[in-house]
Amino acid sequence: MLTLKPGVLLTETEYGLALLDQDSAEYWTLNPTAAIVLRSLLDGGGPERAVEILTTRYEDVDTELAAEDVRSIIGELRDTGLLIS
């Protein structure tokens, strides 16, 4: 299961989500697509569930594109150290 690193605060914005790492004082904003992916992961769904939600919400997005986006978003969140296993 993927979770946020301890000390990372998450808040809803009108555009998506904002994350603050209290240890480093770094701040990130997530667009609506990235917010959907992160929420799905934090709610216990895997990448497949995030793909399902994206393709349902955005009817013009196919499964392959959604899966690529989900992999990219997870990779970026891991690279920044915000998302841990």
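Colleague: In this predicted model, which residue of E3 does Thr 11 stand opposite?
Modeller: Strand E2 (residues 8-12) pairs with E3 in the antiparallel sense over five bridges, where pairing requires that DSSP find at least two bridges between two strands. Strands (E, at least two residues) and helices (H or I, at least four) are DSSP runs, numbered from the N terminus. A hairpin through four residues joins E2 to E3.

Colleague: What conventions apply to the model?
Modeller: Residues are numbered from 1 along each chain as its sequence is written, and side-chain values use heavy atoms, with hydrogens and water left out. In this predicted model, local features need pLDDT of at least 70, side-chain atom pairs count only at pLDDT 80 or more, and totals for chains, interfaces and linings use all residues.

Colleague: Within what arc do the buried residues of H3 fall, seen down its axis?
Modeller: Ala 66, Ala 67, Val 70, Ile 73, Ile 74 and Leu 77 of H3 are buried, that is, under 20% relative accessible area (1.4 Å probe, protein chains only), whereas exposed means over 50% and partly exposed lies in between. They line one face of the helix, because the directions from the helix axis to their C-beta atoms fall within an arc of 130 degrees.

Colleague: Which residues are exposed on the other side of H3?
Modeller: The buried residues of H3 are covered by elements including strand E4 (26-30) and helix H1 (32-42), contact meaning heavy atoms within 4.5 Å. On the other side of H3, the exposed residues are Glu 64, Arg 71, Glu 76 and Asp 79.
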